[in-house]
Amino acid sequence: MNRKADVVVIGGGPAGLAAALQADAAGASVLVLERDKEPGGILQQCIHNGFGLHYFGEELTGPEYAGRFIDRVKQTGIEILTDTMVLEFTADRRVLAVSAEHGLLEIEAGAIVLAMGCRERTRGALSIPGTRPAGVFTAGCAQRLTNMEGYMPGRQVVILGSGDIGLIMARRMTWEGAKVMAVCELMPYSSGLNRNIVQCLVDNDIPLKFNHTVVRIHGRERVEAVTISEVDVKTKRPIPGTEETIPCDTLLLSVGLLPENELSIAAGVEMDSVTSGAVVDEERQTSIPGVFACGNVLHVHDLVDNVSHEAELAGRSAAAFAKHPAPAARAHRVIAEGGVRYAVPQMLSDKAEGKIDLYFRVGDVYRGAALLVKSGERTLLRRKKPIMTPGEMEKVTVDVTGLTDDVHLSIETEG
Amino acid sequence: MRYDVAIVGGGVVGCAVARELSRYELRAVLLEATEDVAMGSSKANSAIVHAGYDCKPGSLMARLNVRGNALFTRWCEELEVPLSRCGSLVIGFDEADRAQIEELYAQGVKNGVPDMQIVDGNRARELEPSLSDQVTCALYAPTGGITCPYELTIACSENARRNGVELRTNAPVTAVEALADGGFALTCGGERVEANYVVNAAGLFSDDIARMVGDDSFNVAPRRGEYLLMDRNACHTHKVIFQTPSKMGKGVLVSPTVDGNIFAGPTAIDQTDRYDTEVTQAGIDTLRKLAVRSVPTLNFRAVITSFAGLRAVPSTGDFVIRPCETAPHMVHAGGICSPGLSSAPAIAEEIVGLLRGQGMDLREKADFEPHRSHIPAFRKMTREQQAEAIAQNPLYGRVICRCETITEAEIVEAIRRGARSVDGVKRRTRAGMGRCQGGFCSPRVMDILSRELQLPMEEITKFGGHSNLVVGKLKEVKRV
Amino acid sequence: MTKEMICISCPMGCMLTVVQEADGEVRVTGNTCKRGETYGRQEMTCPMRVVTSLVRLEGGVRPVCSCKTRQPIPKAKIPQALEEIAAQLKRAPLRRGDVVIADVAGTGVDVIATSDIAAR
């Protein structure tokens, strides 16, 4: 089947839906391609609350946050094809997708919004030694089994990684009657929110062990125990003699998320090796004209509210491009350095002017340090922050009118 | 009913023997201890079709490897199993290595290995550009190649079944009684199975099977080999790269797989436990250290999984392929370690010959079907074929494994062909073998297994036995 | 009574020391802002939590539906609330906002559905 749409959005999660709504509002015809049975993405399995404080001004659960967007989409002419997998897209903005209902779909797009989200790092990627029994799950996989399918993945649980999904699953499993023995974190700090540490772990008396990792998985058929060990703070290597074997039937991994960019890479989109997402300009346009990216496929966010804002920007930009396909020239780079791990956007186009939001993450915990944004000799911004941590994405707004040079973000520590 | 022949062990050897025997008018049964074929050494090895230069001239290993290598082309064509004759290199870094390489070359000539060459470092790097610039010489064997060992095993079992061999899984043989008439009564999974002949292809347990009829002429010891499997983008290595051999094995090799991944391995650890396939930190460290000597650009950040397999090392130093000393209607195919995979088709021929020698009545079937087709893979079809496949079966339009683009139709077909677990589906389709390692698709594969097999989710396992994936329904599981 | 706790009002995560005197007066130290004091006081006197869970469902496209307490409930009431939720078996369809349990655990707060689950 052959189709046409002004804006084709790949992914019907929070990013895809927000982008679609803005593109629709700007007058574009919009087609959303979603691989799951329903739109909403990963939010549908995030049944805990804490979403929407910034965007809606109230605290919602994941399905409620998604539901509000889905309700809005239903009131528009946006078409969502669910159970539909995109196989590839090309630089001339042709999208090939497949579904059981429609077979192969070839879609000619005025503009494309990439909103495929991210996936979890696995046991294999960490090379955790030991046996390979059933009972080792990524936290998100266990979350799906529990919250969507209605099954208990295990009874006695050890969690590796203190990312938010791991913390949330610690409470979830406890509330469903499992015993969470410990959460181990390789780093000396958690990448999860304080709120989750308190309300998921402290509330339920679950120990959080910093500088610890799993060094061995036991059990032939089902997990029977894991051995954890303290690690050297600098080398991250296990310290001999600190091993402790904890009986359990389940190991959950919450050890990081990776943007799911196979389609982007195959199409030739320029990638950022730090974010593992596309290199984009202030409109969220990638190196391929007319192809935009937003949400967790661009860089992993910790608040869905930020995803929505970013996606709306991408959706507006895509609609504008579909109307007037004028590729923007890249004028300046946005360079992360001196303690700043990455910044998005990584580029500014020759059209960039006025106030622009820069999102960034730092590489370490900084207390009382300042973020410095400079362009040549010009200081665009110097803002002292009480605390910056790798786990929390930061945002600053700078005026980029009349720039003549690249923009540099760095951390200025006292003394 | 008494079978003409019972084959003990559903690894690559047992399944190849079953397939070869299915050419003849025989009542044959294949007895596999676990829930699926290819569950032991056959699922976790180097997947190499060796050229045959590293076996001692005059040994069974040497003869069957070279013959097996030659047979691979036809077997893989008939069974639609991937085979790539990518060629292999044994690389050397100094004069001592060169001496070994020359020795291997001479051995290869004696064994009848065709077309080998000794090349210098520059030529080696022309053949394989990812090689280290420290390489000074190499043995190049163009007949060396790679295949997919579990797919070959599964294909042989499917083809054998198509030709009338019965397959019993979850049927561990726990006793064998030699009957007065020369036949056997086997106890397996609580049942008694009688057969005139027995083929002992029990891998790591082949010595146990021999001992059940009083034959203690050989022992088998497990040797563990650990591997690191990398994503497709780890490097661009196209040939099998060996280091010069040591006493403990063929050294750490770096090789592409037929699916385009790269792996490094194996280690070689002698042990007594015949189930222990742990991967150790020491093993991982060793592999990382040694593999980069061959290919310095190897990217270990692209590791998607690590695993280990056990090689069945015979105490005799050679494959044990001969009639049993105490009950000659049992024929051993025991202690099949490397190059067992490469030799498997030739071992199957050899076993048939030995059975004939023991008086088995072998009449060829008129309707033997040598062909077995692979589950049609959506990702390998042209666009036109994909459209056609979906038109025929809409489930080809539902992608379940997004990393490898595996559709529901392929998974349903795998279950129809005998997959009973998530890993069984994985080995037949590749669902869950990609970079997310099943994080996304395993709940969906479990769903499909549950639906197709009409089993509750609680009974769906990763690989049979007690490898259940969920412990119960929410709200119904007792609080800990 | 004295309690040590991490303030969750912002990423700073101040370590608070909260002391409750015999006469009921509460003092918070360790905070760097007013929000920390409010948080510490609340956590000491009556910590409140929103409970999110799943309720079993018959005849739906999924076997469970997500739910939450409409408002926070006292932390001490969580186990009872969870038990009441676990005992429920609802019929699909359920709409976001539908009351699953009225007045859960005697808190005066309702448990409501947070997903839309269609009937099969």
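## Domains of chain A

Domain bounds are taken from an automatic or database domain assignment. On that basis, chain A of this predicted model comprises domain 1 (1-119 + 257-325), domain 2 (122-255) and domain 3 (328-415). The C-alpha centres of domain 1 of chain A and domain 2 of chain A are 31 Å apart. Six residues from domain 1 of chain A and seven residues from domain 2 of chain A make up the contact, where two residues count as in contact if their C-beta atoms, placed from the backbone, lie within 7 Å.

The side of domain 1 of chain A that touches domain 2 of chain A has one nonpolar, four polar and one charged residues. In this classification Ala, Val, Leu, Ile, Met, Phe, Trp, Tyr, Cys and Pro are nonpolar, Asp, Glu, Lys and Arg are charged, and the others, Gly among them, are polar.

## Basis of the model

Residues are numbered from 1 along each chain as its sequence is written, and chains are lettered from A and ligands numbered from 1 in the order in which they are written. The model is predicted: local features need pLDDT of at least 70, side-chain atom pairs count only at pLDDT 80 or more, and totals for chains, interfaces and linings use all residues.

## Helix packing in chain A

Two packed helices are described by the angle between their axes and the distance between the axes. Helix 1 (residues 14-25) of chain A packs against helix 8 (residues 304-323) of chain A at about 40°, and their axes are 7 Å apart. Helices (H or I, at least four residues) and strands (E, at least two) are DSSP runs, numbered from the N terminus. Axes are lines fitted to C-alpha atoms, for helices over the stretch in contact, and angles run from 0 to 180 degrees between N-to-C directions. The angle makes helix 1 of chain A oblique to helix 8 of chain A; angles under 35 degrees count as roughly parallel, over 145 as roughly antiparallel, 65 to 115 as roughly perpendicular and the rest as oblique.

The crossing of helix 1 of chain A and helix 8 of chain A is right-handed. A crossing is right-handed if the near helix is turned clockwise from the far one by less than a right angle, and left-handed if anticlockwise. Residues of helix 1 of chain A in this contact include Ala15(A), Ala18(A) and Leu21(A), and those of helix 8 of chain A include Val304(A), Val307(A) and Ala311(A). The residues of the contact divide into 13 nonpolar, three polar and two charged.

## The parallel sheet of chain A

In chain A, five strands form an open sheet with parallel pairing, in the order 10-18-12-13-14; two strands pair if DSSP finds at least two bridges between them. Strand 10 (136-138) and strand 14 (208-210) of chain A each have a single partner strand, so one side of each is left without a neighbour in the sheet. The twist from one strand to the next averages 20°.

Within this sheet, strand 12 (residues 156-160) and strand 13 (residues 179-185) of chain A run parallel and are joined by five bridges. Val158(A) stands opposite Ala182(A) in strand 13 of chain A. Helix 5 (residues 164-175) of chain A packs on the sheet and touches strand 12, strand 13 and strand 18 (250-253) of chain A; the direction of this helix makes about 170° with that of strand 13 of chain A.

## Domains and packing in chain B

Chain B is divided into domain 1 (1-84 + 143-219 + 315-373) and domain 2 (378-476). Their centres, taken over C-alpha atoms, are separated by 29 Å. Eight residues of domain 1 of chain B are in contact with eight residues of domain 2 of chain B.

Helix 1 (residues 12-21) and helix 5 (residues 149-162) of chain B pack at about 30°, with their axes 8 Å apart. This angle makes helix 1 of chain B roughly parallel to helix 5 of chain B, and their crossing is left-handed. By class, the contact has eight nonpolar, three polar and one charged residues.

## Interface between the chains

The contact between the chains takes 47 residues from chain B and 43 residues from chain A. Elements of chain B that give two or more residues to the side touching chain A include helix 7 (281-294) and strand 18 (303-314). That side of chain B has 22 nonpolar, 17 polar and eight charged residues.

Strand 11 (residues 151-152) of chain A and strand 23 of chain B run antiparallel and are joined by two bridges. Met152(A) stands opposite Gly472(B) in strand 23 of chain B.
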